[in-house]
Amino acid sequence: MLEIKGLTACVEDKEILKGIDLVVPDGQVHAIMGPNGSGKSTLSYVLSGREGYTVTGGSATFDGQDLLTLEPEQRAAAGLFLAFQYPVELPGVNNANFLRTALNAIRRARGEAELDAVQFLKLARAAIKRLSMADDMLKRQVNVGFSGGEKKRNEVLQMGILRPRLAILDETDSGLDIDALKIVADGVNALRGPEFSALVITHYQRLLDYIVPDRVHVLAKGRIVRSGGPELALELEATGYAAVIAEAA
Amino acid sequence: MSAAAKKPAPLEAVAGAFLARYEARAEPDAARAQAADLFRTGGLPGPREEPWHYTTLRPLADAVFDTPHTDASDLLARLPGIAAPRLVFVQGRFCPGFSVLPAGITVRTGAPAWGTLARPALEKLVALNSMLAEDGADIEVADGVDGGTLVLASLASGGAFHPRHAIRLGRSARLTLIEVNLGTGTYLNNPVFSVSVAEDAILTHLRQQTEAPDAFHLSTLYAEIAARGTYDGFLLTLGARLARMEVHARLAGEKAVAHLNAAQLLGGSQHADFTTVVTHDAPATTSRQTVKNVLTGRARGVFQGKIQVSRIAQKTDGYQMNQALLLSAEAEIDSKPQLEIYADDVKCSHGATVGELDADQLFYLRSRGVPEAEARSILVRAFLDEALDPIAHEGAREAMEGMIAAWWDGQTGVQGGAA
């Protein structure tokens, strides 16, 4: 269970998060929607431990463990996964080696046996097939020369292989056509279960047609101004952020 | 004060010691005498000479070369495990007991292999080598012969030595030459190579400079490549406190090709200088240089690359890229590209980049569970990929990868210890 209480955070002395309260119980998918500049990406980076974001108050725990004091790799080992809005290119790093290194690092941190190349390839090929991705995806350099859609699918592939307990999807739908959107949504839905929860950050309601959330939260100016069921996303789509935010204020 | 002023400059004293060693030799020898005259007049290269602007031999003046060990079998054990014949030199002298002679290649040892390309009048270290050379390998691969793989190793534990090697490939001949330099203690290795590649021949020259941390490595290589021939060189520099690897490659025949790739990984107060002069002297010739530097501590890397294109060398294709990854605030890279183009229809490009590890890439890896030290190692290896990937000899590439990984572990150990 992810529990965020009164979380405030700054980027270069500018306060972006102004007191976030949020609970995502195990097995649930919550969506965070909000206009540009509302702090959506900042929240995802603060939770995953990116440098340059200073937490000034509040707390964030995952299964009772204080997330904010952990290194990024420790958060990953604890079960957290961030699907990047802009996946990073790693020239000179082979995708298969990258995935196996990541998986084995996480398994090692959890005290599980590492997978050898054969075991890993079997697992990776199955994941690739589920995501309707090309086989050569594993042979390519990480995200290098990938189209926008391929990069996002690669994020979902990583998620499928690392099998996190809490996934944060930071605008994973941006730049995707409808087919890719469905594939990405299928990838997330395949992980759903009592042991998996997700925070789906998005600007548009469209993704939530395919990943149906348990709860929807509206983030504006660094605070959650409204929460509701999936119908809130539809309302936002119909009336726009301005109306919902004004109403909440 | 006046007494100090009369003392010779430090490098003159070093040169004087080399001359004394020459003069102590018994037998007169015209070739050596000529070199000695050049060296007596010219001495060692100094900072006033443009090609030596970034690299000073001054540390030689304070070095005391060790007395070599009598047994070098511990060094022999450190040769990479490559299943190939090998020519092993110990302190610059051929060691038959350590060597496995190749079949199908002509090899002569026991005397310097002078070759035809060296220019002692222009390169002072080559004059020094010519004056004091004692031994070397004369390697010849006949027309049409695939010589396979041959290891040429230098093991050392002391002294100053000046090996003189010549490699000749006949028409359409092939050879992969794996050059290994390693040792222990304080010593000077000053080899000179004369490399001739005939028409349609391909020489792959994989060079491993893993000299001892207190050693000096100063090498000069001359290569001449005939029509459609290829000199495919890769240099891995990890060792020596002071290293200068100088290459003069002349593309002498139409469509000749030279690759001078390198990876320099330096830490502590190491200094390594890769200096190349590529002369395009025939039409449609190609040169490629990808040089990668990874520098930590107070290390200093130098790359000087000159591309000369003569008037007849139309359709020349020259490319040069020098990239440096600076992993500490005190590390330094000096990059000096030079193009001299006298033909009008050529394609020549050069570039240089300097940077640190990319914070976004580091975070991306860590967010996937990869610990920071491992993530850094992955990114350093990725940075080197462009230079390492073209190495076709799998055994040699794996051996070099292993050495790079060990180097990295050593560096992170040092950093961890200091923290």
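Good morning. I begin with one pair of residues: Leu87(B) has Leu152(B) as its bridge partner in β5(B). The model is a predicted one, in which local features need pLDDT of at least 70, side-chain atom pairs count only at pLDDT 80 or more, and totals for chains, interfaces and linings use all residues. Residues are numbered from 1 along each chain as its sequence is written, while chains are lettered from A and ligands numbered from 1 in the order in which they are written.

Let me place that pair in its sheet. Strand β1 (residues 86-90) of chain B runs parallel to strand β5 (residues 146-156) of chain B, and five bridges join them. Strands here are DSSP runs of E with at least two residues, and helices are runs of H or I with at least four, numbered from the N terminus. Two strands pair if DSSP finds at least two bridges between them.

The largest nonpolar core has 192 residues, and Val197(B) and Ile225(B) have the most contacts inside it. Helix α8 (residues 372-388) of chain B gives the most to this core, with nine residues. A core is a set of buried Ala, Val, Leu, Ile, Met, Phe, Trp, Tyr and Cys residues joined through C-beta atoms within 7 Å. Buried means that 20 or more other C-beta atoms lie within 10 Å of a residue's own, with C-beta atoms placed from the backbone. Contact requires C-beta atoms, placed from the backbone, within 7 Å.

How many residues does each chain bring to the contact? Chain B brings 18 residues and chain A brings 21 residues. On the side of chain B, α7 (359-367) and α8 are the elements that give two or more residues.

Finally, chain A has eight helices and twelve strands. Buried residues make up 42% of its 249 residues.

Terms used
Buried ≥ 20, exposed ≤ 12 C-beta atoms within 10 Å, placed from the backbone. Contact = placed C-beta atoms within 7 Å.
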